[in-house]
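Subject: Structure handover

Hi,

Here is the structure I promised you. Please open it alongside this note. My findings follow below.

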Amino acid sequence: FLAVSVLLQLFLLCTFRMICRSINRALCRSTRVLHRPQRWLSLAMHDFAACDQEAILRRDLAAAHTLSHHFGFDELVWNHISARVPGDNGSFLVTPGDLLFDEVRADNLVQSSANNINVTADVIHSAIFSGRQDVNAIVHHHTTAVVAVSALEEGLQFITQDSAAFYGRIAYHDWEGLSDDYDECARISEKVAGGAHTVLMRNHGALTLGATVAEAWVRYYYLDRVCSVQCATKGRPVVQPDIAVLEHAAKQYDPGEVGFQHGKFEWPALLRMAERLQTAR
């Protein structure tokens with residue numbers, strides 16, 4: 001009986017130690033998760049109405065930076081994506097200017113200021129936001145095809161279905177050097193006063209504007225594709241779409257109940273992609 005009692009006590013002691021180790025490992029894992037840098041604000045689509053507007057905005061901006069890096073739109077720490085701060089007149093969140101795009105998170109976006117590291121962002125984006133109350137987000141990149149088309153005398157050519165979204169909705173701004181002069185704001189603002197949602201900045205890059213981050217980012221995605229196709233067809237005979245068809249198609253891309261508005265259908269899937277990319281790091 002004594003031997004059985006001793007064996008039972010040893011069994012219980014070993015079991016207790018195993019349980020303690022399991023609890024300790026679980027606590028350690030929880031601690032690591034809690035102290036892991038917040039790289040992502042994961043907000044389910046059905047939680048939008050209940051969530052803080054700025055948190056959602058930061059989530060979308062972080063996603064836009066992650067996606068730009070994934071698709072090769074970024075240029076080291078340069079270029080910028082911005083969005084108005086809800087309820088804060090004149091203020092906007094923007095790319096930090098000293099981080100690579102895959103380092104940009106929801107919690108390290110900066111608020112617009114003349115003291116920002118990337119002053120060109122403040123000059124260009126404040127020019128748009130001050131003159132266009134319908135614009136809540138701006139994407140600015142220097143992708144190869146877009147820069148190439150910006151330098152062509154004929155500018156953007158409307159030769160594909162995707163290009164129709166830009167027909168009659170694009171403006172041009174001549175290059176004035178690096179945008180560190182606030183006097184340029186008035187000239188940029190003037191170019192978009194007529195309602196353009198895209199600006200080809202000559203010899204520089206482009207701006208795509210939107211009511212949301214989704215619309216502005218997806219618009220740049222298609223602009224880059226349109227410019228890539230144009231560069232690929234350069235010097236070859238091209239079938240030019242009928243003007244009436246281009247005008248009709250352009251209206252189909254406008255916001256509306258059944259419109260093919262940029263970002264309307266693509267953004268939920270792109271958010272899932274961005275979250276997978278963020279989680280994998």
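A patch here is built from residues with over 30% relative accessible area and no salt bridge, and nonpolar side chains are joined within 5 Å. The model is predicted. With that in mind, one nonpolar surface patch consists of L76, W78 and L100. Together they have about 330 Å² of accessible area. L100 sits in the loop between β2 (92-94) and β3 (110-111). Its relative accessible area is 38%, so L100 counts as partly exposed.

Now the overall picture. The protein has 8 helices and 7 strands. Of its 281 residues, 43% are buried. The accessible surface is about 15,100 Å², and carbon and sulfur atoms account for 59% of that. Take the contacts between residues at least 6 apart in sequence: 69% of them join residues at least 24 apart.

On to the inside. The largest nonpolar core has 46 residues. Those touching the most other members are L61, L156, F166, V213, W217, L223 and W267. Two or more residues each come from α2 (53-70), β1 (80-84), β4 (137-141), α4 (144-151), α6 (213-233), α7 (243-252) and α8 (267-279). The largest share, 10 residues, belongs to α6.

What does W267 touch, leaving out residues up to four places away in sequence? The list is D60, A63, A64, L67, V213, A214, W217 and V218.

Best wishes

Terms used: Residues are numbered from 1 along each chain as its sequence is written. This is a predicted model: local features need pLDDT of at least 70, side-chain atom pairs count only at pLDDT 80 or more; totals for chains, interfaces and linings use all residues. Side-chain values use heavy atoms; hydrogens and water are left out. Patches are made of residues with over 30% relative accessible area and no salt bridge: like charges are joined within 9 Å, nonpolar side chains (Val, Leu, Ile, Met, Phe, Trp, Tyr) within 5 Å. Accessible areas come from the Shrake-Rupley method with a 1.4 Å probe; for residues, only the protein chains shown count as cover. A salt bridge is a side-chain nitrogen of Lys or Arg within 4 Å of a carboxyl oxygen of Asp or Glu. Helices (H or I, at least four residues) and strands (E, at least two) are DSSP runs, numbered from the N terminus. Buried means under 20% relative accessible area, exposed over 50%, partly exposed in between (1.4 Å probe, protein chains only). A nonpolar core is a set of buried Ala, Val, Leu, Ile, Met, Phe, Trp, Tyr and Cys residues joined through side-chain atoms within 4.5 Å. Contact means heavy atoms within 4.5 Å.
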